[in-house]
Amino acid sequence: SSASPAAAAPRRACARSSADWITHFDELYRNEIQAFINSLLRPDSMLAGSMDLDVLTEIAEQLPCFELTHLPGIHAKVYVADCKMAVVSSGNLTEPGLQRNVEYGVALCGEKIVREIRSDFESYATLGARISVSEVASLSAEIDELRVLFRQAQKSIRRKARLAFDEKLKSAQLSVLRQRAKGNSTHAIFCETIKFLLKHGPLSTSELHPLIQLLHPDLCDDSIERVIDGVYFGKKWKHHVRGAQVSLKRHGKIRFDGERWRLAEES
């Protein structure tokens, strides 16, 4: 038998060793459990302790099939087991979230709604960047080094320590961005995102823009303008979105009725 639980945005995999919370790895392995995790990987969040990469690495090494996807902007806490149950909750997968905090959530067992939730997050995962176990371990090492520099910067007002900390933080952020860009161009990401959003109904360009920016805040920087010969032509990312719309329309994937965009296969 094979189960495929999917977790959306566990902001911290565990507060302590995963062995304290997931105690049946041998049983999970025997049953060929597959784990798919969609999460937000931000160096500053890892530094603050809201994401434990060591625990994710430990879980990945214990399970026969493990996939981690970096999704900027995600904040949902959703846990799905096969198509049998989905839990939508305020609680993170942490010791406080499981043991101490006052949280609120619902468990859904209807096969139709569970399939819909699972499909939503599987589709959402295609918009992110797949992170391998080795890449998680490498990023974890960078965060450990960053944490040491942070402590040094806190204890000293010396400019050198602060500059070293800022430089390492920039390096860690670039590591995440490299994973974000790997294998997918900005154009391809925007194309997939437009199709993903239009699956839920027709949208105008003005309605698409804030939704795309919500899903991809790192790619939709309002501070970057498109300038040609000294003339400003608006936000650069919106021009990328426009290019994606034109490309999808040219290839018959979407169509425009004069007001809204919709998937071409819609009647």
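**Exercise 1. Find where T69 is located and state whether T69 is buried or exposed.**

Step 1. T69 belongs to strand 3, residues 65–70; helices (H or I, at least four residues) and strands (E, at least two) are DSSP runs, numbered from the N terminus. The structure is a predicted model, in which local features need pLDDT of at least 70, side-chain atom pairs count only at pLDDT 80 or more, and totals for chains, interfaces and linings use all residues. Residues are numbered from 1 along each chain as its sequence is written, and side-chain values use heavy atoms, with hydrogens and water left out.

Step 2. T69 has a relative accessible area of 4%, so T69 is buried (buried: under 20% relative accessible area; exposed: over 50%; partly exposed: in between; 1.4 Å probe, protein chains only).

Step 3. Neighbours within four places in sequence aside, T69 has contacts with I37, N38, S39, A125, G128, A129 and R130 (contact: heavy atoms within 4.5 Å).

**Exercise 2. Describe the largest nonpolar core and name the element that gives the largest share.**

Step 1. A nonpolar core is a set of buried Ala, Val, Leu, Ile, Met, Phe, Trp, Tyr and Cys residues joined through side-chain atoms within 4.5 Å. The largest one has 28 residues, of which Y124, I194, L197, L198, L208, I212 and I254 touch the most other members.

Step 2. Elements giving two or more residues to this core include helix 5 (111–125), helix 8 (186–198) and helix 10 (236–250). Helix 8 gives the largest share, six residues.

Step 3. Another core, of 22 residues, lies apart from this one; A35, V55, I59 and L68 are among its members.

**Exercise 3. Determine how the buried residues of helix 10 are arranged around its axis.**

Step 1. Helix 10 has 15 residues and spans 21 Å from its first C-alpha to its last, close to the expected 21 Å (1.5 Å times one less than the number of residues).

Step 2. W237, V241, A244, Q245, S247 and L248 are the buried residues of helix 10. Seen down the axis, they fall within an arc of 165°, so they line one face of the helix (the arc is that of the directions from the helix axis to the C-beta atoms).

Step 3. Take Q245 as a case: its relative accessibility is 1%, so Q245 counts as buried. Beyond its neighbours within four places in sequence, Q245 is in contact with I194, T205, L208, I254 and W261.

Step 4. After helix 10 comes G252, with a positive phi near 75°.
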